[in-house]
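Hi,

Here is the structure I promised to pass on. Have a look through it first, and then read my notes below.

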Amino acid sequence: MIRIDQLKLPVGHTLQELSRKAAKALKIQESDMLGMKIRKRSLDARRKPLQYVYVLDVKVKREGQVLRRLRSPQIHLVQESAYAFPKAGEGKLKNRPVIVGSGPAGLFCALMLARAGYAPVVLEQGEEARKRQETVEQFWRTGKLCPHSNVQFGEGGAGTFSDGKLNTLVKDPRGLGRKVLELFVEAGAPDQILYENKPHLGTDLLVGIVEHMRKEIEALGGQVLFGQQMTEICVERGRVRGVRIRPALPGARGLEQGQACSLGNEREAEEQGREEWELETEVLVLAIGHSARDTFSMLEKKGIPMEQKAFAVGVRMEHPQEMINFSQYGEKYPKELPAAAYKVTRHTALGRGVYSFCMCPGGYVVNASSEAGRLAINGMSYQARDGRNANSAMIVTVDPQDFGGTDILAGIRFQRQLEERAWQAGNGKIPVQLLGDFLRDKQSRQLGEIEPCIRGEWTFGDVRGIFPEPLAQALGEGITGCGRLIAGFDRQDAVLSGVESRTSSPVRILRDKCQESPVKGLFPCGEGAGYAGGITSAAMDGIRTAEKIRSRYQPL
Ligand SMILES: Cc1cc2nc3c(=O)[nH]c(=O)nc-3n(C[C@H](O)[C@H](O)[C@H](O)COP(=O)(O)OP(=O)(O)OC[C@H]3O[C@@H](n4cnc5c(N)ncnc54)[C@H](O)[C@@H]3O)c2cc1C
């Protein structure tokens with residue numbers, strides 16, 4: 001297979017033109033091409049007219065001859081090796097591996113282990129995806145929050161109600177990132193994600209995809225129990241022995257899930273009317289996400305080695321998508337182009353970095369709260385990204401000085417303080433303030449030209465007042481500075497909402513290079529454990545954890 005890099009074609013070109021261009025680059029007849037596969041496609045918006053840049057894999061007749069004739073660094077043999085799951089280790093498992101959390105980390109870990117015959121048990125405090133969707137939409141309509149099933153918690157984890165951006169900056173020498181995309185495609189995602197430079201799925205596709213993965217895990221003997229919250233890790237002589245579990249949702253006691261065998265002393269617990277039940281295991285994967293605050297407190301009390309981790313907080317900002325398209329594509333841009341994205345960063349006079357994060361073209365600001373009396377927001381979009389506004393978090397990194405406390409959970413306390421202020425600023429609704437008023441520390445009374453695109457109830461509120469003044473100052477200065485990068489970015493009627501507080505995990509659960517905690521048998525994994533940020537990197541960490549378990553144990 002021959003790979004052609006940097007093949008450029010104007011926006012609006014046809015597949016035939018792409019094939020013709022490839023044949024021309026290889027100096028062969030199109031009839032000598034036996035197959036062509038798009039490996040990567042990105043849009044080069046730096047120069048006009050806009051061009052797509054391709055990496056193509058092409059199968060041709062007389063490959064050796066063709067290559068010898070061409071002396072171009074852009075054309076070479078494909079040297080890639082396919083991803084391979086490791087061989088099984090020698091260890092014998094007495095019990096099935098238990099995975100806490102069905103977000104990308106937990107789900108991909110469970111899928112890889114299920115495919116290899118380990119029949120994992122996944123515990124998820126939230127609901128299965130479709131029920132969760134109803135619960136979330138009801139919350140957005142009425143403000144009635146379910147603390148165990150919401151935008152953060154439930155099947156698919158925090159990633160399900162998202163923009164579903166799949167790009168990651170994580171180094172990937174072993175092709176794990178590609179493996180993640182391939183597994184998404186096997187579960188129903190469109191092929192394009194395999195070659196788009198910035199692939200995304202959108203919430204409307206993610207719901208079906210996580211369901212598909214869960215059904216495969218179950219078909220391979222694994223079990224995914226919804227509405228079951230892991231409340232304690234049972235450790236004996238420095239080694240995991242099992243977990244304690246409590247039904248977190250009404251009627252969540254697992255029998256109706258058609259379990260063939262009792263999964264621990266669940267039935268006994270039921271007969272004795274006991275709330276909690278236990279599950280024995282010597283392999284426990286903690287894929288709990290960045291918002292599992294109850295669980296972080298339990299881990300801290302239990303003395304599970306953890307440390308503080310820096311994170312960032314800020315606001316979500318909305319602009320007309322058309323304004324962003326103009327700035328990124330130019331005024332007369334071809335209408336078939338997708339909603340444009342941006343990435344901006346500025347340093348303030350005091351040296352703080354203010355930057356855009358989780359930008360959602362044609363998306364919505366969402367109420368992503370998971371605790372009563374505390375309000376956190378995030379962004380999402382649907383596959384089409386056809387909302388009228390572009391939104392992004394504009395955030396500033398915070399450290400122990402900002403949240404005044406050196407203990408492990410100080411960051412969580414700081415997040416909670418900000419979220420309580422946000423809740424008060426909007427009296428339970430998402431507080432909104434225009435940029436001009438934020439800069440002048442004045443309450444907004446009416447909108448300018450931009451109508452917010454928000455999922456969840458909103459009202460005018462003192463967004464600036466949510467933040468300690470040095471952070472509010474930095475955000476104002478940084479956002480204004482971005483007006484030099486994108487025309488109109490600092491327009492006075494840009495819409496700010498608060499508070500974006502869950503950008504990454506405020507703690508790291510310590511682990512060694514085998515991804516194991518000093519507590520033997522405990523495998524902290526994904527974003528909550530502090531080793532990933534985003535859907536793809538969390539899924540990659542889930543696969544890495546499955547590999548470590550596989551390399552140590554025989555399948556059951
Ligand atoms: C609204 C929103 C939009 C986002 N958009 C994007 C995006 O476009 N692209 C991107 O890359 N990233 C995005 N993210 C971030 C991304 O979702 C996370 O990085 C990713 O989901 C982390 O995966 P994870 O598996 O580590 O944890 P999570 O996805 O957070 O999953 C953890 C799961 O564990 C469960 N759990 C926790 N504790 C317990 C317990 N004790 N018992 C039982 N279950 C428990 C939780 O209920 C949850 O379902 C977004 C996040 C949000 C909230």
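Accessible areas here come from the Shrake-Rupley method with a 1.4 Å probe, and for residues only the protein chains shown count as cover. On that basis the protein has an accessible surface of about 23,400 Å², and carbon and sulfur atoms hold 51% of it. Please keep in mind that this is a predicted model, where local features need pLDDT of at least 70, side-chain atom pairs count only at pLDDT 80 or more, and totals for chains, interfaces and linings use all residues. Residues are numbered from 1 along each chain as its sequence is written, and side-chain values use heavy atoms, with hydrogens and water left out.

Of the 556 residues, 56% count as buried, meaning under 20% relative accessible area (1.4 Å probe, protein chains only). The C-alpha trace spans about 75 × 65 × 40 Å along its principal axes.

Now to the ligand. Around it are 37 residues, of which Glu124, Ala158, Met230, Glu527 and Ile535 come nearest; a residue is near if one of its heavy atoms lies within 4 Å. Some polar contacts (pairs of N or O atoms within 3.5 Å) stand out. An N or O atom in the side chain of Glu124 is 2.6 Å from a ligand oxygen. The backbone takes part too: a polar backbone atom of Ile535 is 2.7 Å from an oxygen of the ligand, and a backbone N or O atom of Lys165 is 2.9 Å from a ligand oxygen. Taken alone, the ligand exposes 990 Å², and the protein buries 96% of that.

Best wishes

Definitions and conventions. A polar contact is a pair of N or O atoms within 3.5 Å; within protein, one must be able to donate a hydrogen and the other to accept it, and residues adjacent in sequence count only if both atoms are side-chain atoms. Buried means under 20% relative accessible area, exposed over 50%, partly exposed in between (1.4 Å probe, protein chains only).
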